[in-house]
Amino acid sequence: MAPDQLSETDSFLSTLADPAASVLFRRKLFELGGETRSRLIRDPVLLSRSLLIQSYSPFLGDALLRNPECIAWLGEQSSKLDRLKTSEEMAEDLARLSLQTGAAGEGSAAAFKMREMMRIYLRDCSGVATLSEITEELSSLADVILQHLLNLALAEETKLQGSPFARDERGRSVKAEMAIVALGKLGCRELNYASDIDLLFLYIGDGETSGSNDPIRNHDFFGKVAQRIVRMAGARHDCSGGMPIYRTDLRLRPYGRDGDLVWEARRAADYYRDHAQNWERQALIRARLTAGSPQAFDAFWERVHGVIFRDDVLPGSLAEVRRAKEKIDRRESGRPGGFNVKLGVGGIREIEFIAQALQLEFGGREPWVRSVQTLILLARLAEKGLLSETERTRLSAAYVFLRTVEHRLQMEHGAQTHSLPTTLDRLSLLARRCDYKSDDPAAELESDLQKHTSAVRAIFNSVLGEDGGPRTLRSQSYSMTEPDRELMVSIKSAALSIENFVSSVKDQRAELHQAPDLDQITGIVTEAVYKAVNPLRSARALAAWAAAMDSAADSRSSPETSALNLGADLSTCIRKLAAILSSQYLTRIVMTPVALADIVRRPEAIITSDVESIARELRAYLGPKDAPAANADALRRAHHQMAAAIVLHDMQQAGLPLENASAALRSSNLAQTAQAEAVLDVASTIALTAIPDRFKDVEPTFAILGMGRLGHSGMDHGSDLDLIIVYDEAQEGSRESVLDEFYTSFASNLIRVLSAVTREGFLYSVDMRLRPEGKHGSAAQSLSGLLAYVNSRASAWEHSAYLKAREVAGDPSFGAHAKTALVEAVFEAASRNPSLKEDLYSMRNRLVSEKARGRRQNMKWGAGGMTDVYFVTRYLQLRDRIYLAPEMGTTRLIEYLRDCCSLTSSQSQNLFEGYRFLRMFDHWTRLLMDQPRPEAPSSSTALLDISRAMGVDSIDRLTEELRKRMELIENVFAQIFTQ
């Protein structure tokens with residue numbers, strides 16, 4: 001190494017936590033020799049990063065010496081260190097590593113985990129990633145590895161036993177499937193570097209294996225698969241210093257250690273509903289699918305999610321939480337060693353207990369506080385008044401501090417430890433790894449530790465202590481004559497934040513030289529938030545937005561500062577912001593404060609239903625064709641900008657009379673449908689570019705048929721995309737097997753682009769269950785195959801659903817041909833079904849019993865809900881062979897059926913008015929709550945918001961109108977199907 005380079009490295013070494021150990025490590029790196037030494041000499045940045053890893057983690061430093069190929073790999077990752085890596089990218093990298101190394105079994109997973117841990121920890125210690133991003137990536141890493149191990153275990157067990165099969169609801173033989181459910185820290189995507197992973201193994205479908213001479217029960221088959229996974233995860237490998245890939249904890253399964261290792265999904269749900277103790281149900285708050293079959297997980301989750309939260313807190317549940325912490329405190333008090341950042345007084349567990357206790361008490365009444373991630377949950381509890389803003393700030397700061405210290409402790413030796421060292425030299429080393437730079441870093445660390453843990457314990461006593469006062473959900477009064485005190489405080493805070501922001505940019509923005517003063521801004525904010533659907537939420541969010549804008553303005557180097565111009569009319573921007581910030585749905589859209597400002601400063605919130613113009617605008621965001629992942633993220637950013645503009649448009653329609661509001665809603669539905677079609681068009685192009693080169697000779701001729709809301713141009717905020725992908729199998733020069741493989745690859749790519757969750761958010765959830773054979777069918781269908789299925793095997797319910805089919809992307813002429821052929825086949829097949837009415841009636845009753853079992857009115861699936869309208873109208877279409885273009889929508893279809901004498905005037909009026917009311921209720925539920933849900937909310941705050949948005953004068957009037965409308969729809973359904 002050249003003397004000047006060596007000098008630079010020596011200077012860098014002196015800044016590290018343990019310079020002497022780093023000098024020794026540098027010497028060992030160069031002793032590796034060969035290409036590794038040459039590369040480190042050529043690339044001082046890579047050398048510095050290798051040294052940085054070792055200084056923060058001797059465990060990873062030793063791993064670098066054992067696996068020098070990881071050094072070269074880290075050099076390849078240089079351009080990617082400043083961003084979060086998605087699960088999809090990790091899965092691709094793991095598959096590539098397995099192919100390159102030829103590693104057998106779980107060996108490739110162990111090597112992959114080790115190098116990903118190096119990358120993640122380098123991001124962590126370099127300060128380019130937040131705590132939330134670190135725990136997100138660690139959780140994604142576990143997801144990808146578990147899926148890899150599941151695939152290996154299933155393949156091995158299938159070789160020995162054959163494939164497991166079961167019977168579906170129609171008696172057909174289908175392949176049984178398995179799901180791995182994550183609980184605990186993995187479940188809430190807050191995994192540590194050395195966490196155990198809490199798992200629950202489920203499968204769906206009783207039956208037995210086929211393909212072997214000695215079949216076994218599916219239960220035994222999946223039990224063997226689970227044993228293989230646990231064994232592979234716990235295997236120790238040289239590349240990781242003899243550490244297991246993951247330690248698994250299965251004690252949260254039904255009956256704990258005494259229960260079966262694997263459970264049929266429905267029977268597991270029965271256990272949690274009927275036999276589990278309160279703490280077992282509470283553990284399901286963090287449950288999510290980590291690997292395997294979504295269908296198996298859904299079969300479980302649909303049956304248990306309703307028992308996790310209750311409208312009334314379980315008797316003694318808060319006392320149980322307090323007693324559990326007291327038990328931990330007694331155990332910790334007698335344990336030797338340093339302070340335990342996880343279990344000690346004021347530690348991580350107390351923060352989690354505070355958040356979860358309030359969540360358990362109020363989550364049944366307020367869905368907004370059901371988030372599973374700690375920092376998000378703390379923010380939402382504060383928003384609902386269950387924590388003060390000061391309490392939230394202190395708890396969040398303590399959580400980040402304690403989790404960071406925990407990470408540094410664990411990564412010293414790659415061990416699951418939570419206790420501070422007791423000697424001064426080791427405590428000082430830990431403090432330096434936590435970036436304390438003073439002459440006495442240990443004292444500085446201990447001082448901050450005392451400050452944070454004391455604050456946590458004080459809040460714990462306030463919330464859960466014997467003398468702690470009761471916490472209540474924030475009551476919200478919107479009367480100008482009796483202003484809510486907290487609302488007025490929030491208005492003043494928002495006005496002050498806006499005034500600070502305006503002052504900070506006034507010199508650079510000529511249009512703000514005559515900006516209003518603080519009193520004038522206060523008046524503008526007061527008027528604006530009182531017109532918003534939820535004034536308090538708008539005022540609080542407005543204050544946070546202005547503070548973020550002020551911070552962005554201070555960052556002069558940020559490229560986003562060019563967008564800080566709010567336009568000449570600041571008051572107009574404030575009114576628009578107050579309107580849009582009442583929407584909790586907006587929080588699901590990845591949006592920076594600056595980007596939000598860019599939307600509201602436009603002269604008008606213009607929305608369009610012109611698919612081609614939207615597609616052109618989306619394509620303008622894309623880069624080179626050979627970068628599908630980057631283009632997918634660019635598409636997500638553009639989509640969120642457009643979606644937020646529609647949210648703004650819709651929020652400005654709040655309080656309109658029903659007649660006017662229905663016209664505005666239809667415009668919104670058409671705009672959102674056009675945007676979905678444009679996204680599908682662009683996403684299809686991206687998906688095609690990612691197809692392997694071996695298919696380069698295939699000239700694709702396909703169509704994407706929109707079903708459900710997409711099919712009849714009724715997309716709304718948070719709607720899924722119901723799709724069928726159909727292709728022309730008569731393509732010249734292409735074999736059927738090649739086409740099937742090509743379109744399967746295309747469909748897989750398309751679904752990944754549409755539904756993958758990245759740092760930029762995601763586009764749409766995709767539902768393809770209406771394809772032939774449902775979830776077990778091919779992702780793409782030949783047209784002849786689709787028509788053959790409709791003619792011979794499709795159910796009456798599927799026939800009714802196919803009437804909504806409409807070509808939305810792909811080849812327009814082929815799509816129109818496919819739709820026409822499909823509709824003709826549907827009418828022909830339905831005409832041969834003598835039990836059409838009975839089949840549909842049975843299916844409707846099944847949906848009601850399975851999907852509308854709660855106590856609250858279910859607007860979609862319940863008796864008298866929107867699904868009843870669909871059953872009535874589609875049945876009459878099939879019975880009387882009546883076709884109306886699906887883009888005309890359901891309300892026009894109701895009128896058309898009346899004109900064709902399939903409905904009486906009275907029946908048509910009741911369906912029309914009832915459906916219109918339900919769609920409006922559903923629309924505002926989607927906008928004002930955090931995610932779409934079919935039930936009427938139990939929260940009085942949410943109901944008050946919806947009643948204001950719909951122009952209804954009280955919650956009682958709103959719920960009574962909902963009851964009456966659903967009752968009238970149910971009566972029409974009974975007249976059609978039972979008389």
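In the predicted model, the largest cavity has a volume of about 230 Å³, and it is one of five cavities of 30 Å³ or more that the structure holds. Its lining is made up of 17 residues, of which Lys113, Tyr193, Met243, Pro244 and Ile245 are the closest to the centre of the cavity. Helix α8, which spans residues 107-126, contributes the largest share of this lining, namely four residues. When the lining of the largest cavity is sorted by class, eleven residues are nonpolar, four are polar and two are charged.

Several helices take part in the lining, with at least two residues supplied by each of α10 (184-187), α13 (278-283), α15 (317-333), α16 (348-362) and α17 (374-383). Among the contributors to the second largest pocket, α16 gives the most, with seven residues. The class composition of the lining of the second largest pocket is 15 nonpolar, twelve polar and twelve charged residues.

Helix α17, one of the helices that supply the lining of the second largest pocket, is itself largely enclosed by the rest of the structure, because seven of its ten residues are buried. The buried residues of α17 are Thr374, Leu377, Leu378, Arg380, Leu381, Ala382 and Glu383. Glycine 385, which follows α17, has a positive phi, near 80°.

Turning to the strands, an open sheet is formed by three strands in the order β2-β1-β5, with antiparallel pairing. Its edge strands are β2 (173-175) and β5 (207-210), each of which pairs on one side only, and the twist from one strand to the next averages 40°. Helix α11 (residues 218-234) packs on this sheet and touches both β1 and β5, its direction making about 140° with that of β1. The pairing of strand β1 (residues 163-167) with β2 is antiparallel and extends over three bridges; within it, arginine 167 stands opposite serine 173 of β2, and phenylalanine 165 stands opposite lysine 175 of β2. On the side of β5, the antiparallel pairing with β1 runs over four bridges, and proline 164 is found opposite threonine 209 of β5.

Strand β9 (residues 702-707) is largely enclosed by the rest of the structure, because six of its six residues are buried. From β9, Phe702, Ile704 and Gly706 point one way, whereas Ala703, Leu705 and Met707 point the other way, and all of these residues are buried. Strand β9 pairs in the antiparallel sense with strand β10 (residues 721-727) over six bridges, in which alanine 703 has valine 726 of β10 as its bridge partner. Strand β9 also pairs in the antiparallel sense with strand β13 (residues 806-810), in this case over four bridges, and the bridge partner of glycine 706 in β13 is arginine 806.

Packing between helices was examined for α5 and α18. The axes of helix α5 (residues 58-66) and helix α18 (residues 389-413) come within 5 Å of each other and cross at roughly 40°. In this contact, Pro58, Phe59 and Leu60 of α5 meet Met411, Glu412 and His413 of α18, and the residues involved divide into four nonpolar, one polar and one charged.

Aspartate 519, finally, is placed in helix α22, which covers residues 518-531. Aspartate 519 counts as exposed because its relative accessibility is 64%, above the cut-off of over 50% that defines the exposed class. Between aspartate 519 and lysine 492, the C-alpha to C-alpha separation in space is 9.5 Å, while the two residues lie 27 residues apart in sequence.

Definitions and conventions. Residues are numbered from 1 along each chain as its sequence is written. This is a predicted model: local features need pLDDT of at least 70, side-chain atom pairs count only at pLDDT 80 or more; totals for chains, interfaces and linings use all residues. Side-chain values use heavy atoms; hydrogens and water are left out. Ala, Val, Leu, Ile, Met, Phe, Trp, Tyr, Cys and Pro count as nonpolar, Asp, Glu, Lys and Arg as charged, and the others, Gly among them, as polar. Two strands pair if DSSP finds at least two bridges between them. Axes are lines fitted to C-alpha atoms, for helices over the stretch in contact, and angles run from 0 to 180 degrees between N-to-C directions. Contact means heavy atoms within 4.5 Å. On a 1 Å grid over the protein atoms alone, a cavity is a set of points where a 1.4 Å probe fits but cannot get out, and a pocket is an open set with protein on both sides within 12 Å along at least five of seven lines; lining residues have an atom within 4 Å of a point. Grid points are joined across faces, edges and corners, and a volume is the space filled by probe spheres set on the points. Buried means under 20% relative accessible area, exposed over 50%, partly exposed in between (1.4 Å probe, protein chains only).
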